[in-house]
Amino acid sequence: AAVIVIPGYYGTRLVELSSGRLVWLSIREALFGKRSLALPLPSLGIHDPVLVGPDGILQNIPVIPLVYSVNGYGDLLKALDRLGPRVRTVPLAHDWRGDLLTVVGELSQTIEGLRAQGVHRMALVAHSMGGLVAAYYLRYGSQPPDQAVETWAGASQIDAVVLAGVPYRGSMTTFRNMQYGRQIGFNKSLLTAEAVSSFPASYYLLPPPASDVFLSPSSEKLDGLLYQPRQWTEHGWGLLNDGAGRSYAVTENRVSYTERWLTQARRVFELLHRPAKIQSRLLIPLLDVTGTGFETLAAGFWLGPDSSVPTGLLFVKEQVHRFAPALDHSLLLADGDGTVTASSASLPPAYRALFAVEQRTVPVSHSGLVTD
């Protein structure tokens, strides 16, 4: 038997191709690094980022070497190893910056390879974005989204599934990072807004229409803005932020790139949430785990196109208070695991209808879902 582990966003080690040196994530890079993890996209004006490739699942991050480290998937892999020699653990390390459909193809090839080796029973354990990969594979196999027809071909290859902290309805945190980047330790270069927006994976994690809620200064709820490409262009979101000095051709390429991945992400969302056409129940156990008890970013604050803030967007309560002191700031947050809201992590109805689902709701953080 084999258990295939599919990690999420940030969940695979990335090493420099030229030297083999660990870039994501090392204490050296977090403290002293100045390079970017942006994808090398010269047509978008992104030149000379560090060239990296996947090198195993991220097990732990040494904050203070030999003294203190942050656990990644180390505990999960150790727990699976304790199942004994007859159960093989197969970590599906992948470049988490790229296209989720590429990872779906890698998963399909991995399963075919295990079958060829005589492995007859297989389970999937998927966390966070890795759960989107698993869910798509179960329902559509490795079909491209523009041709996908519901077959549950992937499910026919699997005997059991665990899905933990999966953002089926996206994560506003990702959209925030596409506007402001994410500081890692003292490193502000590794995951700049440009870098995060260059990752195709980021677009799959955006809240879908009706879940992409923004609050106006008058507390009005606005939604559907994220999937209007003109909003990105007009307000300088993502790759279109701070266009000073860019050529017209580069700007147009960035617009096309943004539109392409928004369209692809929306298509995949629609496929995952489409009502099931096949009504026969699958005899496959599926454990769905949701983290709760943590304030989780669920909405943004929209100042409008004429604001002094470059993108017109704010996400931090203290900043919002300066512009709208009367606004109920709790509206920006919802219950969840700190990264994915509980409502976003709710399993789509088609999977509930066909699998033998067991639901677990546990008071742990997003990363804690795979350390327990």
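R35 is partly exposed, at 28% relative accessibility; partly exposed lies between buried, under 20% relative accessible area, and exposed, over 50% (1.4 Å probe, protein chains only). The model is predicted, so local features need pLDDT of at least 70 and side-chain atom pairs pLDDT 80 or more, whereas totals for chains, interfaces and linings use all residues. Residues are numbered from 1 along each chain as its sequence is written, and side-chain values use heavy atoms, without hydrogens and water.

The side chain of R35 meets that of E16 in a salt bridge, at 3.1 Å from N to O. A salt bridge is a side-chain nitrogen of Lys or Arg within 4 Å of a carboxyl oxygen of Asp or Glu. E16 lies in strand β2 and R35 in the loop between α1 (27-32) and β4, so the pair ties together parts 19 residues apart in sequence. Helices (H or I, at least four residues) and strands (E, at least two) are DSSP runs, numbered from the N terminus. E16 is buried, at 15% relative accessibility. E16, R35 and E29 are linked in a network of salt bridges.

The whole structure holds 9 salt bridges. Among them is the pair D55 and R13, also at 3.1 Å from N to O. D55 sits in β4 (residues 52-57) and R13 in β2 (residues 12-16), 42 residues apart. D55 is partly exposed at 37%, and R13 is partly exposed at 27%. R360 forms a salt bridge with E358, with the closest N and O atoms 2.9 Å apart. R360 is partly exposed at 42%, as is E358 at 40%.

The second largest pocket holds about 430 Å³ of space. On a 1 Å grid over the protein atoms alone, a pocket is an open set of points with protein on both sides within 12 Å along at least five of seven lines; lining residues have an atom within 4 Å of a point. Of its 20 lining residues, L76, V162, L369, V370 and D372 are the closest to the centre. Helix α2 gives the most to this lining, with 4 residues. The lining divides into 14 nonpolar, 3 polar and 3 charged residues.

Q143 lies in the loop between α4 (129-140) and β9 (160-164). Its side chain reaches the backbone oxygen of Y140 at 2.9 Å. Beyond its neighbours within four places in sequence, Q143 is in contact (heavy atoms within 4.5 Å) with L101, Y136, A148, V149 and T151.

Conventions
A polar contact is a pair of N or O atoms within 3.5 Å; within protein, one must be able to donate a hydrogen and the other to accept it, and residues adjacent in sequence count only if both atoms are side-chain atoms. On a 1 Å grid over the protein atoms alone, a cavity is a set of points where a 1.4 Å probe fits but cannot get out, and a pocket is an open set with protein on both sides within 12 Å along at least five of seven lines; lining residues have an atom within 4 Å of a point. Grid points are joined across faces, edges and corners, and a volume is the space filled by probe spheres set on the points. Ala, Val, Leu, Ile, Met, Phe, Trp, Tyr, Cys and Pro count as nonpolar, Asp, Glu, Lys and Arg as charged, and the others, Gly among them, as polar.
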